[in-house]
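Please read this briefing alongside the sequence and the coordinates.

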2 protein chains.
Amino acid sequence: MVKKPAPDATRRSERSRRAIYAAALALVAEAGYPKTTVEGIAARAGVGKQTIYRWWPSKAEVLLEAFLDLGEQTAREAGQEPYSVPDTGDLAADLKTVLRATVDELLDPRFDAPARALAAEGVVNEQLGRQVVGKLLEPQLQLYVDRLRAAQDTGEVRAGIDPRIALELFVSPLAQRWLQRTGPLSHGYTDTLVDYALYGLAPR
Amino acid sequence: MVKKPAPDATRRSERSRRAIYAAALALVAEAGYPKTTVEGIAARAGVGKQTIYRWWPSKAEVLLEAFLDLGEQTAREAGQEPYSVPDTGDLAADLKTVLRATVDELLDPRFDAPARALAAEGVVNEQLGRQVVGKLLEPQLQLYVDRLRAAQDTGEVRAGIDPRIALELFVSPLAQRWLQRTGPLSHGYTDTLVDYALYGLAPR
């Protein structure tokens, strides 16, 4: 006899999934990536470890999805479309909007500790670093590439500029200040980066 | 009776110092910062741990000095003045020269593994991170501040620009590509960063 699925099975598994994300993020923040295990995540989430292995092949994938989910949640709470760069026709304003939201996310304690743990491990663990960049960072950077390409079409950005390098002029300073604590993060700071990048340091 | 110092004591302690630096860099690269100990450095360098404690209060200070020394050595081998930014009167050329040398250093295997281990620990260990930035990174960034100020005096950089933020437009992209492996490092890449930062992304 085949067991019928309970009517609330989907809701239950959604609940498990959220508990697993929360457990994974909390554990990596507290113990660091090397000491975070699928067993530990399962115990903290109150599920069996087979529940985790049913959905994800390893802790790296659980964590990457947990971060994607956290990014969606924090964007929605801030009243923004997650993982998007607006196009109002004003490139400077659009970049400032997104970078201000990124500052808010980086300063959010829910994000800071687990993201630092993952980033630190990525620096010394090339395989994980490449997964984090490929699955979390690069898709976000591509949104800037698209927005800069659109700005090239309307003449706001010079035609010869490589958008994949250009975005680094405002994204990387923010990343370095966050990762290495080389300076304070604020909306005024990211606004300044956008102005310097668009108009250059040399007199016009 | 006071024991006379041996005539070759200075040379001997210089040899010990070099052995300690090499041991500290090798150990942190292999084992990571948390597992590197003063005892381990002493054993590998073939000295007693009291020799280390006579000169440095803890492993962090040994490592920071070892990196300063490595930076001096690699600059000298490359025929350059260590920890300096030239001023030939051509800002773009001077920045390109220094950034090309930095690319070479970041790609040098003697530097890469120990520097990654220290940088990774600095991401999650705020106290160490602030020491690394304060003693290794910020003094180098100040050289760019000075060079950009000189360029403001000659009119090559706009007067209203904050040099401490401006330098991040070309330094931070290189740092992020190295730390997070978000793209390849080359002289062409850093040349492009300098041109974009000085002349801006918007049409002139």
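The contact surface is shared by both copies, since 100% of the contact residues of chain A recur in chain B, where contact means heavy atoms within 4.5 Å. This is a predicted model, in which local features need pLDDT of at least 70 and side-chain atom pairs count only at pLDDT 80 or more, while totals for chains, interfaces and linings use all residues. Residues are numbered from 1 along each chain as its sequence is written, chains are lettered from A and ligands numbered from 1 in the order in which they are written, and side-chain values use heavy atoms, with hydrogens and water left out.

- The C-alpha trace of chain A spans about 75 × 35 × 25 Å along its principal axes.

**Interface**

- In the interface, 48 residues of chain A are in contact with 48 residues of chain B.
- About 4,500 Å² is buried between chain A and chain B, and carbon and sulfur atoms give 60% of this area (buried area is the accessible area, for a 1.4 Å probe, that two parts lose on being put together, summed over both).
- On the chain A side, Val123(A), Arg181(A) and Leu201(A) lose the most area to chain B, together 18% of what that side buries.

**Cavities**

- A search of the whole structure finds two cavities of 30 Å³ or more (a cavity is a set of points on a 1 Å grid over the protein atoms alone where a 1.4 Å probe fits but cannot get out, and lining residues have an atom within 4 Å of a point).
- The largest cavity holds about 60 Å³ of space, the volume being the space filled by probe spheres set on the grid points, which are joined across faces, edges and corners.
- Both chains contribute to the lining of the largest cavity, which includes Val123(A), Val132(A), Leu179(B) and Gln180(B).
- Helix H6(A) gives the most to this lining of the largest cavity, with four residues.
- The lining of the largest cavity has six nonpolar, three polar and no charged residues (Ala, Val, Leu, Ile, Met, Phe, Trp, Tyr, Cys and Pro count as nonpolar, Asp, Glu, Lys and Arg as charged, and the others, Gly among them, as polar).
- The second largest cavity has a volume of about 50 Å³, and among its lining residues are Leu179(A), Gln180(A), Val123(B) and Val132(B).

**Salt bridges**

- Over all chains the count comes to 34 salt bridges (a side-chain nitrogen of Lys or Arg within 4 Å of a carboxyl oxygen of Asp or Glu).
- Four salt bridges are found across the interface of chain A and chain B.
- Glu126(A) forms a salt bridge with Arg181(B), with the closest N and O atoms 3.9 Å apart.
- Within chain A, Glu30(A) forms a salt bridge with Arg44(A), with the closest N and O atoms 2.9 Å apart.
- Because Glu30(A) lies in helix H1 (residues 9-31) and Arg44(A) in helix H2 (residues 38-45) of chain A, the pair ties together parts that are 14 residues apart in sequence.

Technical notes: On a 1 Å grid over the protein atoms alone, a cavity is a set of points where a 1.4 Å probe fits but cannot get out, and a pocket is an open set with protein on both sides within 12 Å along at least five of seven lines; lining residues have an atom within 4 Å of a point. Helices (H or I, at least four residues) and strands (E, at least two) are DSSP runs, numbered from the N terminus.
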